[in-house]
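Hi there,

Here is the structure I promised to pass on. My notes on it follow below.

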Amino acid sequence: MSSKFWAELSSDYEKLFDLEFGYDVIIYAGEEPDVKEIHAHSNILCIRSQYFRSAFSNEWAERKDGKFILRKPNVSGYLFNIILRFLYCGNIELKNLQGSDMLKLLVAVDELNIQPLISHIQEYLIEHQPEFLNKNPTKLLEIAYQHETFTDLWDFCLDKVCEEPKILFNSDKFLDLKAPLLELLLKRDDLNADEIDIWDNLLKWCFAQLNVKDDSKKWNKEDIPKIEDLLSRFIPLIRFYDIEPKDFFYKIYCYKDVLPKDLIYDLLEFHVVPNMKPKSNVTPSRKSNLNLKLDSTLIESDFTSLFASWIDKKDSKYYNKKNIPYEFKLLYRSSRDEFNAASFHRNCNKKGATIWIAKIQDSTQLIGGYNPLDWSGTGWKNTSDSFLFNFNDVNNISSVKLGYVSDGSRAVYCNSNYGPSMGDLVCSDSNNWEYDYLFNGDYPNIGIPANFTVEGYEVFQVIKKT
């Protein structure tokens, strides 16, 4: 019974708003030439909103002919109507709003201090507008940073950017990011990017702010102190000791004129002197890099969530970087451990499940496979869990084709004279490999060439996290 009465009461108040009977408030919403005149009742607005109580009691609003006059050029008439309808009857419809309009509505209800809507709109945005949020990371971070009540949106955007920094770094709006917000991001221990990529993007941002070239040979005398001054607040936030020696030489040392001299000296000492430890006062490694960094010269750490999903026969996006249940430990790298079968078996036998990855020469193509057993012994091994994969372009993760074994009796072939052979894929002792999926059809056709030369390959032990 009571719910019926509440529904009738809500409907009656909505009629009052629509019919405008006895209104004493005139609101001019929007900017010219799209200003809309809206009529309302001061007693209802005062009861439902502290903003309107203050506006009417403190005479923020004009008075004319016994009516309050409010002008809100920063809120469109369409959005103001949505807000007022909620104040009258408690109803709000968001499904027909685009993400950009929903964000404008959120800013408006924050200004009007309508607390229930602030939480509701944030929840709706996060649940129903993920594409909009992913396309506008810089804008959303800036807005959430400026509005302390947008806690849900702030947490969502910050977690998303830290989980996938490329969303921000590759955005054409990244260079517009305000310095305090960039500083806050670089402080995060869970910013999931290689440190050299963080450094590269910091430099890109810095040079854009100062409108200088990314070429120290073209700097004038006035440029150096400006760059040094802008970078100074960010230098302590970069984990320089996590950057590889080659990247240090080519991407950091060349900027020594704008970096602290003691930092350059300490890093040179660390990279040149054998067994030299980092200084005790350095910023600790980011947790994400410690947990997720893949020791590979062929692929990025992003691939580990993909591999984990395939191993558990889940959708490719089942795991993300925060919940991967496996570690991937490098066992063998052909460029480091010699390119031959003996070295492969010496490093990989009796190590249990492995993932191997090979780069096809003179291309961006990668192939690989998963062996859930091991590489010890001689002959065929039976499993229904192995698979092969093929990235036509390693720079495009969506280009992958995946094929689980169809004949488990010929899933994996172990022989001391062969590399990681699986089904009809023959990995010889040299770098010339063969694949004929039509011979026995142990795995489906996923586009691996019939004959190809391997530039190099790596094998990783798959370790279940405890």
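β13 and strand β14 (residues 451–464) are antiparallel partners, joined by three bridges; strands count as paired if DSSP finds at least two bridges between them. A hairpin of five residues links β12 to β13. Strands here are DSSP runs of E with at least two residues, helices are runs of H or I with at least four, and both are numbered from the N terminus.

In β13 (residues 432–435), Trp433 and Tyr435 make up the covered face, while Asn432 and Glu434 make up the uncovered one.

A few words on the source: this is a predicted model, in which local features need pLDDT of at least 70 and side-chain atom pairs count only at pLDDT 80 or more, while totals for chains, interfaces and linings use all residues. Residues are numbered from 1 along each chain as its sequence is written, and side-chain values use heavy atoms, with hydrogens and water left out.

On the surface, Glu123, Glu127, Asp152 and Asp155 form a negative patch (residues with over 30% relative accessible area and no salt bridge, like charges being joined within 9 Å; a salt bridge puts a side-chain nitrogen of Lys or Arg within 4 Å of a carboxyl oxygen of Asp or Glu). Helices α6 (115–128) and α9 (151–163) each contribute at least two of its residues. Glu123, in α6, counts as partly exposed because its relative accessibility is 47%, between the limits of under 20% for buried and over 50% for exposed (1.4 Å probe, protein chains only).

Best wishes

Technical notes. Patches are made of residues with over 30% relative accessible area and no salt bridge: like charges are joined within 9 Å, nonpolar side chains (Val, Leu, Ile, Met, Phe, Trp, Tyr) within 5 Å. Accessible areas come from the Shrake-Rupley method with a 1.4 Å probe; for residues, only the protein chains shown count as cover. Lys and Arg count as positive and Asp and Glu as negative; His and the chain ends are not counted. The place of a charge is taken as NZ of Lys, CZ of Arg, CG of Asp or CD of Glu.
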